[in-house]
Amino acid sequence: MFSKFTSILQHAVEALAPSLPLQEDFVYHWKAITHYYIETSDDKAPVTDTNIPSHLEQMLDILVQEENERESGETGPCMEYLLHHKILETLYTLGKADCPPGMKQQVLIFYTKLLGRIRQPLLPHINVHRPVQKLIRLCGEVLATPTENEEIQFLCIVCAKLKQDPYLVNFFLENKMKSLASKGVPSVISEDTLKGQDSLSTDTGQSQHPEELSGATGMEQTELEDEPPHQMDHLSTSLDNLSVTSLPEASVVRPNQDYNLVNSLLNLTRSPDGRIAVKACEGLMLLVSLPEPAAAKCLTQSTCLCELLTDRLASLYKALPQSVDPLDIETVEAINWGLDSYSHKEDASAFPGKRALISFLSWFDYCDQLIKEAQKTAAVALAKAVHERFFIGVMEPQLMQTSEMGILTSTALLHRIVRQVTSDVLLQEMVFFILGEQREPETVAEISRHPLRHRLIEHCDHISDEISIMTLRMFEHLLQKPNEHILYNLVLRNLEERNYTECKPLCPEDKDVVENGLIAGAVDLEEDPLFTDISPENTLPNQEWLSSSPPATPDHPKNDGKTEVHKIVNSFLCLVPDDAKSSYHVEGTGYDTYLRDAHRQFRDYCAICLRWEWPGSPKALEKCNLEAAFFEGHFLKVLFDRMGRILDQPYDVNLQVTSVLSRLSLFPHPHIHEYLLDPYVNLAPGCRSLFSVIVRVVGDLMLRIQRIQDFTPKLLLVRKRLLGLEPEGPLIDHITLLEGVIVLEEFCKELAAIAFVKYHASSTP
């Protein structure tokens, strides 16, 4: 009570007293603080019961006023006094001792406001960055302390200053390698040391002796000329008593540098207060983006940032329930790492494990964004750590297990993070994790060279339809990612030599055939016994398929490996015989409905693939190794096998298989176009293409149609039910086959639209 009265009285005196020059006023407030330590005998009273907070606030106001009254960049006498007399060093010592109780909080506030309110650069001064570095080390030492909020505010203002002037970060990389050979200390770096734990070191690795502390106070003879000698002794002794006894030299060899700003932020990310943890994450985001190579190296090699990211990912992943509905994983709302607050009571769509799932996806999003913002070398190191410590260490065993429920849940989680990742560097590591780094053509003998890739592709043809669909969806989204290795590893490396084709020399009588738009040796569909019902009136006339499309272009040259587009379009449209077609009975389901989607999707794929510098035409056959045995690769093999069973598979599986194949067909690579979309490619013996697979399916279909009574009415009813035009009714016989026929017809129309769009895109100047 008495101290509060004293404070009020002091303010009244200051208000009535004539104003002093700023420097005298500044020195007055500082000496009032130092006198407290000389004169007080009660060091248990909280700092809020003293005048210290008021004096510190007055000193700040004076420094701001002085700067405002001077030209930009000019240092005034008050700031000179603060720097020359090492006031920040003294405040650090008082804050570390937290005497009187609460002093640490006041010191943190003073430092934060000083750095935030003063416009001129202070951190380059040794008498600023050195005590700032020492104070940084005090932050995050103990979680949930009363000063946690002030600690994070102080650390964040330092990070903001470094973001403004990145070169300043070099002041905060402390050299820690001690030359201990003369002391006979073995050169062993312990694991704790490598993790950046600083429990064995003192403030800056330097012993603090009484004379250093007294010097740090700035209480030099010139400053305290008017102080009696005994008072100077009392002050020095008081500050000595406040200091923490320094430890002997560290007994281990520390890393080359310590990045204590990072270490303190890492500690605070573990705070039970969510707001503190988010602010700490924001501070780390600022630090990893600094362009200084030395800081990036120190960040990844001398701090435990990599361990923090991966260990927390692992623990959050392991906290998920063993079984989570894949639909819940897919549909849980978009996650932003700083906004993962979740209330189970307020959530109408809650499900078991939702809180844990949101926490995991939120932290994964943070890792993704951190790597995306990070300096290049730091980003690579962080992404590799996630690959090795989380993808391989935690996710791979889950994906390789044999439990169907476990496979489904882990694949759904993989699918979700594939969709969510945005960092190119982390995406690259994720792709290497899923597919491996191999780029040479696949062989049947080495199909399982990368076990996870092999297992995931096998899961596309799993006995469980749910697992098959989820894995196919994962691959579909993977193919949409802007990474060249994905398509090359899955498909392109096996088509590089075009050894799926058989090169036959042209004889004179073949020239007329080529002029009519067919490649020598190709079988005309009209002569194929499977297509005896194809007649000129059943094919689309040129004017009809051009009516809803861009203006017709002249015939494309035949020497680039492409067949004229109208024959390709008609080949796909006429694959399914009229008896098995149902779309023309339902309005708005024609081939032209696919053109707009195909055009938009192809444009998107072209934008993704532009930087990959793919060739505009197929590799010349004379430069290809056509003698090498052709293997379409594990991925296409499974897709073709699935496509061959389209009449016997569930509707949802067929939709997903055809969706992946249409995605592949959209890629603007000439070999993909030739292999997947050219019905007239001259296949080598024993090879199959997408078109040849569909031809075999249609042949099987035409035989099976004969054994089904009322096939066409049943087919039309199934189509209308799938479109919601007819209510569900009694179960229809052969429902799986009927649904498969409808998917097959729609898929052929989609392929025709893709072929048309790609042709016009490549032939338009």
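Predicted model: local features only at pLDDT ≥ 70, side-chain atom pairs only at ≥ 80, totals over all residues.

Reader: OK, what about secondary structure: how many helices and strands?

Author: The protein has 33 helices and two strands. As for contacts with a separation of 6 or more, 80% of them come from residues 24 or more positions apart.

Reader: What pLDDT does the protein average?

Author: The average is 81, and 76% of the residues score at least 70. Residues 177-256 are below 50, though this stretch still has 122 contacts in the model beyond near neighbours in sequence. Residues 508-561 also stay under 50, with 73 contacts beyond four places in sequence.

Reader: Noted, I'll watch those stretches. Which residues touch the most other members of the largest nonpolar core?

Author: Leu 91, Phe 154 and Tyr 259 do, in a core of 212 residues. Helix H33, residues 735-763, gives this core its largest share, 16 residues.

Reader: What does Tyr 259 touch?

Author: Leaving out residues up to four places away in sequence, its partners include Val 169, Phe 172, Leu 173, Leu 287 and Cys 298. Helix H12 covers residues 260-268, and eight of its nine residues are buried. Among them are Asn 260, Asn 263 and Ser 264, along with Leu 261 and Val 262.

Reader: Switching to H6. How far does it reach from its first C-alpha to its last?

Author: H6 runs over residues 103-117, 15 residues, and reaches 21 Å, close to the 21 Å expected at 1.5 Å a residue. Its buried residues pack against helices H2, H3, H4, H5, H7 and H8.

Reader: Pick one residue there. Is Leu 115 buried or exposed?

Author: Leu 115, which is found in H6, is buried because its relative accessible area is 4%, under the 20% cut-off. Beyond four places in sequence, its contacts include Leu 122, Val 128, Phe 154 and Val 158. Val 158 is 43 residues from Leu 115 along the chain, yet their C-alpha atoms are separated by 7.6 Å.

Reader: Charges next. How many salt bridges does the count come to?

Author: The count comes to 34. One of them joins Lys 113 and Glu 57, with the closest N and O atoms 3.2 Å apart. That pair links distant parts of the chain, Lys 113 in H6 and Glu 57 in H3, 56 residues apart.

Reader: Which residues are linked in a network with those two?

Author: Asp 61 and Arg 117 are linked with Glu 57 and Lys 113 in a network of salt bridges. Lys 113 is partly exposed at 30% relative accessible area, and Glu 57 is partly exposed at 28%.

Reader: What about Arg 498 and Glu 674?

Author: Their side chains meet in a salt bridge, 2.6 Å from N to O. Arg 498 lies in the loop between H23 and H24 while Glu 674 is in helix H30, so the pair ties together parts 176 residues apart in sequence.

Reader: Are those two buried or exposed?

Author: Arg 498 is buried, with a relative accessible area of 7%, and Glu 674 counts as buried at 5% relative accessibility.

Methods
Residues numbered from 1 in each chain as written. Heavy atoms only, no water. Helix = DSSP H or I, 4+ residues; strand = E, 2+ residues; numbered from the N terminus. Contact = heavy atoms within 4.5 Å. Expected span 1.5 Å × (residues − 1). Buried < 20%, exposed > 50% of the residue type's maximum accessible area, 1.4 Å probe, protein only. Core = buried A, V, L, I, M, F, W, Y, C linked by side-chain atoms within 4.5 Å. pLDDT = per-residue confidence, 0-100. Salt bridge = Lys/Arg side-chain N within 4 Å of Asp/Glu carboxyl O.
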